Amino acid sequence: MEEEPTVMNVTCHTGGCSVGGVTYTVDMYPNAELPTWRAECAQCGQPITDVVPASVS
Ligand SMILES: [Zn+2]
């Protein structure tokens, strides 16, 4: 059974990060363990806690 990716908006809020405050829309798969949505900033490498479904406006 294939899982469909969920479109999520992720925003890094790390101070000094070159993409801090910039929201990216990415396809994500939920984790089996919490946190369900886990992302890492491609620029600063810090975990991103601001991960919300793109369908939520
Ligand atoms: Zn960052």
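## A partly exposed tyrosine and its patch

Tyr24 is partly exposed, with a relative accessible area of 41%, where buried means under 20%, exposed over 50% and partly exposed in between, using a 1.4 Å probe and protein chains only. Tyr24 lies in strand β2, and together with Val22 and Val26 it makes a nonpolar surface patch of about 220 Å². Such patches are made of residues with over 30% relative accessible area and no salt bridge, with nonpolar side chains (Val, Leu, Ile, Met, Phe, Trp, Tyr) joined within 5 Å and like charges within 9 Å. A salt bridge is here a side-chain nitrogen of Lys or Arg within 4 Å of a carboxyl oxygen of Asp or Glu, and accessible areas come from the Shrake-Rupley method with a 1.4 Å probe, only the protein chains shown counting as cover for residues.

## Basis of the model

This is a predicted model, in which local features need pLDDT of at least 70 and side-chain atom pairs count only at pLDDT 80 or more, while totals for chains, interfaces and linings use all residues. Residues are numbered from 1 along each chain as its sequence is written, and side-chain values use heavy atoms, with hydrogens and water left out.

## Overall fold

The protein chain has 0 helices and 5 strands, and its pattern along the sequence reads β-β-β-β-β; helices (H or I, at least four residues) and strands (E, at least two) are DSSP runs numbered from the N terminus. The C-alpha atoms fill a box of roughly 40 × 25 × 15 Å along the principal axes, and buried residues account for 21% of the 57 residues in the protein chain.

Distant parts of the chain are linked by the pair Cys17, in the loop between β1 (6-11) and β2 (23-28), and Cys44, in the loop between β3 (39-40) and β4 (47-48), 27 residues apart.

Cys12 is buried at 2% relative accessible area, as are Cys41 at 7% and Cys17 at 14%, whereas Cys44 is partly exposed at 28%. The structure holds 0 disulfides, a disulfide being a pair of cysteine sulfur atoms within 2.5 Å.
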